[in-house]
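Here is a short note to read alongside the structure. Take the points in order, and keep the viewer open as you go.

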Amino acid sequence: GVPVATLAGWLVAALVGIAIYQRLEPRLLRPTPLLRAGQAHLPYAGLVEPALALALSLFAVGIAASIGERLLALVGVLVVAPLALVFAAHVLGAAAHATPAEREAHRRDFPRARTLA
């Protein structure tokens, strides 16, 4: 069968991918004449890392299920499902979205910060 280490391997691969992306993103979004400071924003960029981790985890669970390792697939689902629910609650929750007044207060407090529109 597939050892549990396989799931750990996919987790490490996802974490390495996230680390690489987090190092590259600021360089890719460096202000240029077309992207002024404060406007360099990649829409939904924050969803890339968790989506990659979720996709890799679901792939590992799918492989485990396809080779008949039902217990390993169940354990994988039990590990991934709570994390996916926390991620979904964060993305969909009202607390994740700043109001216009909160964004304006942030701009006043941090005038040089790169902010959304």
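1. One definition to start: a residue is called buried when its relative accessible area is under 20%, exposed when it is over 50%, and partly exposed in between. At 45%, F59 therefore counts as partly exposed. W10 has a relative accessible area of 28%, so this residue is partly exposed too. Please bear in mind that you are looking at a predicted model.

2. Now the overall layout. The chain contains four helices and zero strands, and from the N terminus on its elements read α-α-α-α. Of the 117 residues in the chain, 15% are buried. Among contacts with a separation of 6 or more, 64% are between residues 24 or more positions apart.

3. Back to W10 and F59, this time as partners. How many aromatic pairs does the count come to? The count comes to one aromatic pair. The ring centres of W10 and F59 are 5.2 Å apart and the ring planes stand at 75 degrees, so this pair is edge-to-face; the cut-off for that label is an angle over 60 degrees. In general, two values describe a pair of aromatic rings: the distance of the centres and the angle of the planes.

4. Where do the two rings sit in the chain? W10 belongs to helix α1 and F59 to helix α2, so the pair ties together parts that lie 49 residues apart in sequence.

5. Which residues of α3 are buried? They are L72, A73, G76 and V80. The buried residues of α3 pack against α1 and α2.

6. Last, have a look at the second largest pocket. It holds about 480 Å³ of space, and its lining consists of 22 residues. Nearest the centre of this pocket lie L11, A53, S57, V80 and L83. The elements giving two or more residues to the lining are α1 (4–28), α2 (48–66) and α3 (70–92). Sorted by class, the lining has 19 nonpolar residues, two polar and one charged.

How values were computed: Residues numbered from 1 in each chain as written. Predicted model: local features only at pLDDT ≥ 70, side-chain atom pairs only at ≥ 80, totals over all residues. Heavy atoms only, no water. 1 Å grid on protein atoms, 1.4 Å probe; cavity = no way out; pocket = protein on both sides within 12 Å on 5 of 7 lines; lining within 4 Å. Points joined across faces, edges and corners; volume = space filled by probe spheres on them. Nonpolar A, V, L, I, M, F, W, Y, C, P; charged D, E, K, R; others polar. Phe/Tyr/Trp six-rings, centres within 6.5 Å; stacked < 30°, edge-to-face > 60°. Buried < 20%, exposed > 50% of the residue type's maximum accessible area, 1.4 Å probe, protein only. Contact = heavy atoms within 4.5 Å.
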